[in-house]
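Work through the exercises below with the model open. Try each task before reading its solution.

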Amino acid sequence: MSACGLQHGQGVRETQAKMVMGAIANPMTGQAEVDCKQARYVIDVLAMLKEKTAGNLKDDEQTTLDSLISELKMIWVQASGEAKDAGK
């Protein structure tokens, strides 16, 4: 996978995860929506990508992927806690 393709794929997954965790509004509805199961799936896909590309990424690509996964996990913990408190 080219660096451009990897970065684009990460960006798409980042946007998707943030949208389903309510961190950014859904552009179709303008509303922040929370779907913790879908968010967890996206994070798991990125973690799988990290595992499958281990040793094949440049240092900056690996750092970007690691940072993205960490950031999304932190948002997920917050969003899932808020959803639990709201009874979702």
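Buried means under 20% relative accessible area, exposed over 50%, and partly exposed in between (1.4 Å probe, protein chains only). This is a predicted model: local features need pLDDT of at least 70, side-chain atom pairs count only at pLDDT 80 or more, and totals for chains, interfaces and linings use all residues. Residues are numbered from 1 along each chain as its sequence is written, and side-chain values use heavy atoms, with hydrogens and water left out.

**Exercise 1.** Classify Lys 18 and Glu 71 by accessibility, then describe how their side chains meet.

Step 1. Glu 71 has a relative accessible area of 30%, so it is partly exposed.
Step 2. Lys 18 has 16%, so it is buried.
Step 3. The two side chains form a salt bridge, 3.1 Å from N to O. The term requires a side-chain nitrogen of Lys or Arg within 4 Å of a carboxyl oxygen of Asp or Glu.
Step 4. Lys 18 lies in helix H1 and Glu 71 in helix H3, so the bridge ties together parts 53 residues apart in sequence. Helices are DSSP runs (H or I, at least four residues), numbered from the N terminus.

**Exercise 2.** Locate Gln 10 and list its contacts beyond four places in sequence.

Step 1. Gln 10 belongs to helix H1, residues 3-20.
Step 2. Its relative accessible area is 5%, so Gln 10 is buried.
Step 3. Its contacts (heavy atoms within 4.5 Å) are Glu 61, Thr 64, Leu 65 and Leu 68.

Methods:
Helices (H or I, at least four residues) and strands (E, at least two) are DSSP runs, numbered from the N terminus.
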